[in-house]
Structure formats: structure tokens, C-alpha cells
Amino acid sequence: MPALPARPLNVQSEPVLGSLRFRLPALFLAGVVLAGVVATVISIRFFQAYTYSRAVHELRSESIGIVSLYASQAGQQEVPIATLRKAIGGDRIFYVPIVPGASLFAGPLPLLPIGTLTAGELASSQPTTLNLEHKGSSYLAVAAPITIGKQVLGALVVAKPQSELRSSWLVLLERLAVAFGGGVLVAALVGVYLTRRIVRPLASLSSAADEIAGGSYDVEVPRPKGHDEIAQLSARFADMAAKLAEAEQLSRNFLMSVSHELRTPLTAIRGHVSALREGVIEDPESYSSSLAVIEEEAIRLERLVGDVLDLAKLDAHRFTVLEEEVDMRELCERAYAAFGEVARLRSIDYRRDFEARPVIVTDGDRVLQIISNLLSNAFRWTPEGGRISLSLGAENGAVSVVVSDSGPGISPEERERIFRPFWSRDGGGTGLGLAIARELANALGGRIDLRSEPGLGARFELTLPNR
Ligand SMILES: Nc1ncnc2c1ncn2[C@@H]1O[C@H](COP(=O)(O)OP(=O)(O)OP(=O)(O)O)[C@@H](O)[C@H]1O
Ligand SMILES: [Mg+2]
């Protein structure tokens, strides 16, 4: 596998403004500030409405109080201004004369022009709320009509400067600002702390990824505590790094095995060719046996290259499988017959058991290749006088071909390994047989399962879909 070019990706040198380290707390703070501003605006609005209605309420009761006081004393004595001012405070009482000259109060009250009130307001018997401008100041005011009998003499206006109202909610604003500042400070600290907790493991993961991209797979992947998403990401990342390391190891082994396997026959061929060329071999018998070795080794090489190519194609999913109707019983008979002679020579109890006669759509040659492979392994590992059987069955929409033997069996540790390319227990074979058989079975939509007890033989089952 060619080494991947290392990608320089250093978290530290990333622009700060674009980094999570900055953006996370900034976003968090922006959220807190926004929430604070909205809450402040809403509270101030509520408070303004509350102070306004409270002020109106006060002004109304004051004006109604004075007017009823006047009404109760009308004709007997005048209401003393000083008492009124004392009761209400400040220059907050005005008088709008409607009937000129009507003496109502003992002492002068500041007069407001009659235009201060509209005709409707003048005629009303209820107090009216109004905004008043007087001597450059604005007031919130309530005007209450003063009546004798049915005649409106004038209106008494009790006012409150707007600045007084404003100052009450300015105090609230100040306090809110202090609370807001404190809240933002705490939020900023929490934001920075949380961000560090999130970003630190991410930064370590990122530098681990850099190392892996650079080809060193033995990096230590950080494993943060807990079960949150980052811990999970780290765990997955560690798994991935381990799998990559394993894949790299496998592909290195594969290359080494291929070269080794190619070299062995080539060395033999070269030796014999040199001997022939130098005339070392003279007698015709040795001559022809040398040629036979060369031919045999060339055939072995050809098979090996073909196998490797098959495996590479299967791996890259570029393997073409035929789709034809295959009589599985006939095919199994052929595979069975091919080993009849070997079985006889080695006194192996060789049996077959073909219950069904399924005809399926698949690639006949490839299926034969798989079964022959399994049978050839069984014959290779079963000692003289042992037992080998081939059986064919069809059930539940699947066809199964079972090859079982009474050989040494396969230990649990070896069960996965034997399907890897170039893995051979004794080095007698190339170790490609089962790897190809399994890939072929997958390509045909089926699978190979193995059941084996060490010492009690092995049972390989090929399952194919019954289409
Ligand atoms: N029936 C079996 N009994 C015991 N061991 C087996 C059996 N079949 C396979 N194995 C083990 O699995 C290994 C791999 O088998 P595989 O067919 O892939 O390679 P091989 O037979 O060694 O070589 P090749 O088939 O390429 O000539 C064998 O070396 C052997 O150790
Ligand atoms: Mg084999």
C-alpha cells in the first residue's frame, strides 16, 4: 500500500476566529446576551406599564379625593391651598377654570388654559387622564371636573412629572444591568470551561489523525472518560486506527507472501534453465526431467498469478459471474468423481449423499471451483483410512453443499485465519484456496460456514441462494 502523503493539519495554527475554541464560547455568550437583552426589554416594558397604571391610579384617587373634599365644603368655606399642597406635595395641582371668576380655593392655584381639555373631556363627569406640557416640563395628569349641582365650574388637574416616572424605571434598569453583567461573566466562564472540555479531546483526536495520515498507526488515541458523544467518537476512532493498522499489516503480509510464492518456482525454473544452458545435464532422462520441473513450476506460477488476480478482482468487486441454470446434483457428481481415484488409493471412506436435485441460477464453473477446493483440502488433511463425505441438500430457499472429513480439524483460533490469503498451516499450499472460495461464495450471493472440533474433523458448508 503506498504511504499516504502526510497532511499538515495543525489545530494550533488554525485561524483563531474560525476555530471551535473561539466559536463555541462566542455562540454560547451571544445566546446568553440575547436572552438577557430580551428578558430586560420585557421586564422594562412590564415595569413601565405597571408604574404608569399605578401613577394613573394614584392621580385619579388624589383628584377624586380633592374634588369630593371641595364638594363637601362648597358654599361653606374655601379649600385651603396650603393643606392641599401639603397632602399632595409640590406644584402638582392646577386648575382649569371653565366658569371664570368662580372662587373655589383659598389662595391661587396655577391656572391652565381651557384648551388643555377637549370639549368632550370638559363635559365628562369622570376624571380624564392626559399628557400635559407646562413650563417646559411634561406631566402625566388626571383632570377631575368640579361641579355644583349640574354645572361644571372647572377642572382640578393633579399631575406627576414624567421624569419622576422615568427615574423609577431607570433605577430598575441599573439593577438589571448589574445582574446582566454578572450573568454574562458567569456564562463566559462556563462557556470557556465547557469549550475546553469539548475541544481538547477533539484537538488530540485531530493530531492523532494527522499521525495516522502520516503513516504511523501506533499512535495513542485519547480516551476521554464518560459515555458522551466525544467519548464514543474517540472509541470509534481508536477502533478505526486499529483496523487501519491491521489492514496495513495484512496488505504488507500479502505483498510479501506473493513475492515469496512467486520467487520459489522462479528460482527452480532459473536453476534448471541455467543447468540446461551450461550443458551440465547431459543424459536425456535428466534433461527431460528438468524440462518437466520447469513445466510444472510454470504451471504453478500460472495458477498462482491467476489466483492472485482472481482475489484482487473479487476484492475490488470487478469479478464477473455468469448466470446460468445449474443442475447442482450433476455438478456435485462431477466434483465427487474427480477425487474417486485418490480416495481409492488412500483407502479413504469416501461417500456422497445427494438428497435433493436443485437447479439454481448461478455460475457453475465457480461453484465447482469452490467445492473442488473444499474437497482438495479435505483430502490433503485427512489421513489414510479416514472418512470424507460430500452432501447436497436444499431447504428454505437455499442450497447447501457440505464437505466433511475426519482430519485433524481446525482450532478456534484458526477458524478466521484460514480464510485469509496466504495462510497455510504447513506451507505446503499457497493458502489462497479458502480465501478465494469464500470471496467467490460471497460474489455468488452465498457464504461458507465452518464447524470444527479439533481432532474430530472439519465440516465446511457452502450455502447458495436457490434462485
Ligand atoms: N479440511 C481441513 N482440515 C484441516 N485444516 C484445513 C482444512 N481445510 C483447510 N485447512 C487449513 O486451512 C489452511 C488454508 O487452506 P487453503 O485452502 O486456503 O490453503 P492451502 O490448502 O494451504 O493452499 P491452497 O489451497 O492454496 O493450495 C490450510 O493450510 C489448513 O491449515
Ligand atoms: Mg487448499
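Predicted model: local features only at pLDDT ≥ 70, side-chain atom pairs only at ≥ 80, totals over all residues.
Figure 1. Leaving aside neighbours within four places in sequence, Trp-423 is in contact with Arg-417, Ile-418 and Gly-431. The loop that holds Trp-423 lies between helix H10 (414-417) and H11. Trp-423 counts as partly exposed because 18 C-beta neighbours lie inside 10 Å, whereas a buried residue would need 20 or more. Gly-120 stands 303 residues from Trp-423 along the chain, and 107 Å separates the C-alpha atoms of the two.

**Figure 2. The shell around ligand 1.** Ligand 1 is surrounded by 19 residues, of which Ser-424, Arg-425, Gly-429, Gly-433 and Leu-434 are the closest. Two or more residues of this shell come from each of helix H9 (364-381) and helix H11 (433-443). Sorted by class, the shell comprises ten nonpolar, seven polar and two charged residues.

**Figure 3. The open five-stranded sheet.** The strands follow the order E8-E10-E11-E13-E12, and their pairing is mixed. Strand E8 (349-354) and strand E12 (447-452) form the edges, each pairing on one side only. On average, neighbouring strands of this sheet are turned by 15 degrees against each other, direction ignored. Within the sheet, strand E11 (residues 398-405) and strand E13 (residues 458-465) run antiparallel and are joined by seven bridges. Val-402 is placed opposite Glu-461 in E13.

**Figure 4. Helices H9 and H11 against the strands.** Helix H9 lies across strand E10 (387-395), E11 and E13, and runs at about 20 degrees to E11. Helix H11 lies across E12 and E13, at about 135 degrees to E12. H9 contains 18 residues and reaches 26 Å from its first C-alpha to its last, close to the 26 Å expected at 1.5 Å a residue. The buried residues of H9 are Arg-366, Val-367, Ile-370, Ile-371, Asn-373, Leu-374, Leu-375, Asn-377 and Ala-378. In an α-helix, residues three or four places apart point the same way, because there are 3.6 residues a turn.

**Figure 5. The pairing of strands E7 and E9.** Strand E7 (residues 324-327) pairs with E9 in the antiparallel sense, over four bridges. Glu-324 is found opposite Thr-362 in E9.

Conventions
Residues numbered from 1 in each chain as written. Chains lettered and ligands numbered in written order. Pairing = 2+ DSSP bridges. Near = placed C-beta within 6 Å. Nonpolar A, V, L, I, M, F, W, Y, C, P; charged D, E, K, R; others polar. Expected span 1.5 Å × (residues − 1). Buried ≥ 20, exposed ≤ 12 C-beta atoms within 10 Å, placed from the backbone. Axes fitted to C-alpha atoms, helices over the stretch in contact; angles between N-to-C directions. Contact = placed C-beta atoms within 7 Å.
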